[in-house]
Amino acid sequence: MSRAPKETVQTGELYASTLRSREDGVAQWRKSFSRIWERYLVPRWFVSVYYFVKYKTLISRQARVQFSRQISFGKGTVVKPFALIQTQGGQITIGHDSAISSFNHITTGTKDVIIGNYVRIAPSVTILGGSRNFRNKSVRIIDQGSFHEGVTIGDDVLIGAGAVIMPGCHIGEGVVIGANSVVNMDIPSYSIVAGVPAKIIGHRE
C-alpha cells in the first residue's frame, strides 16, 4: 500500500531535519575538538618555535598561546611566562616590539583584538574582546550566551599592572593606563587614565 503524498512529504522533511541536525552536531564537535587541540594539546615548545619562525616573536614555553592562524605578532614582540592568549574565532593581532607580561590574559570571541606597536603591558592585565551576558536572573549565566565587541589599542601605549580592558574599548595612541584601572570606554590619544572605572586624570605633553 503506497503512502499518501502528504505523509511522504512529512517523512522527507523529518529526514532532512534529522540529517541537518546531525551535520550541525558533527560540525560543532569538530569545532570544539579543534579548539581543544589548539589550546591544550599542541606542545608549548612547538608553539614557541612556530611563532618565532613565522613572526620572529619570542614566546616563553611557559606561556599559553593558542596555536591558531587567527593570532599574529609583529617582529620583536615578547610574550613572557604564564601569559594566556586565546580566541574563539576573532583575530588577535599584536604589533611589533611590544611586550606581553606574565599573567596577562588576552582573549576574544568572534570580534578582533588589535594591539599596536611599541605597547607595554605590565603583569596581570586582562584584555577582553567579549564577555558573558548575565542580566536575566531567571536563566543561568552559562545559558545566556556571550556578547562580542572587540578591543583596539593604539601604538606606544603603557598599561599598568592589574588593569582590565573591557570589550568594545578603543584606546588611542600614546595612552597611559594606571595600575588596577578598569577601562570601559574609549580613551583619546595621549591621555592618562586611572581608577575604577577609569577616568582621564591628565595628558602627556
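Helices (H or I, at least four residues) and strands (E, at least two) are DSSP runs, numbered from the N terminus. By this definition Val 53 is found in helix α2, and the chain has 2 helices and 21 strands.

The model is predicted: local features need pLDDT of at least 70, side-chain atom pairs count only at pLDDT 80 or more, and totals for chains, interfaces and linings use all residues. Residues are numbered from 1 along each chain as its sequence is written, and side-chain values use heavy atoms, with hydrogens and water left out.

## The chain as a whole

A residue is called buried under 20% relative accessible area, exposed over 50%, and partly exposed in between (1.4 Å probe, protein chains only). Of the 205 residues in the chain, 36% are buried. Accessible areas come from the Shrake-Rupley method with a 1.4 Å probe, and for residues only the protein chains shown count as cover. The accessible surface of the chain is about 12100 Å², and carbon and sulfur atoms account for 57% of that surface.

A contact means heavy atoms within 4.5 Å. Among contacts between residues at least 6 apart in sequence, 18% join residues at least 24 apart.

Two strands pair if DSSP finds at least two bridges between them.

| Strands | Sense | Bridges |
|---|---|---|
| β2 (residues 64–65) and β5 (residues 84–87) | parallel | 2 bridges |
| β5 and β8 (residues 105–108) | parallel | 4 bridges |
| β8 and β11 (residues 126–128) | parallel | 3 bridges |
| β16 (residues 164–165) and β19 | parallel | 2 bridges |

Val 65 stands opposite Ile 85 in β5. Leu 84 has His 105 in β8 as its bridge partner, and His 105 in turn has Thr 126 in β11 as a bridge partner. Gln 86 stands opposite Thr 107 in β8.

Ile 115 has Ile 153 in β14 as its bridge partner.

In a regular strand the side chains alternate between the two faces of the sheet.

## The nonpolar core

A nonpolar core is a set of buried Ala, Val, Leu, Ile, Met, Phe, Trp, Tyr and Cys residues joined through side-chain atoms within 4.5 Å. The largest one has 36 residues, of which Val 65, Phe 73 and Ile 127 touch the most other members. At least two residues of this core come from each of α2 (44–55), β3 (71–73), β6 (92–94), β9 (113–115) and β14 (151–153). The largest share, 3 residues, is supplied by α2.

Which residues does Ile 127 contact, leaving aside its neighbours within four places in sequence? They are His 105, Ile 106, Thr 107, Val 113, Ile 115, Ile 121, Val 151, Ile 153 and Ile 165.

## Helices and surface

Patches are made of residues with over 30% relative accessible area and no salt bridge; like charges are joined within 9 Å, and nonpolar side chains (Val, Leu, Ile, Met, Phe, Trp, Tyr) within 5 Å. A salt bridge is a side-chain nitrogen of Lys or Arg within 4 Å of a carboxyl oxygen of Asp or Glu. Trp 45, Phe 46, Val 49, Phe 52, Val 53 and Leu 58 make a nonpolar surface patch of about 590 Å². Helix α2 gives the largest share of the patch, 5 residues. Val 53 counts as exposed because its relative accessibility is 56%.

The other helix, α1 (residues 5–41), contains Trp 37. Trp 37 counts as partly exposed, at 41% relative accessibility. From C-alpha to C-alpha, Trp 37 and Phe 67 are 8.4 Å apart in space, and they are 30 residues apart in sequence.

## A buried glycine in a loop

Gly 172 is found in the loop between β17 and β18 (176–177). Gly 172 is buried because its relative accessible area is 5%. Its contacts, apart from neighbours within four places in sequence, are with Gly 154, Val 157, Ile 187, Pro 188 and Ser 189. Gly 172 and Asp 156 are 16 residues apart in sequence and 9.2 Å apart in space, C-alpha to C-alpha.
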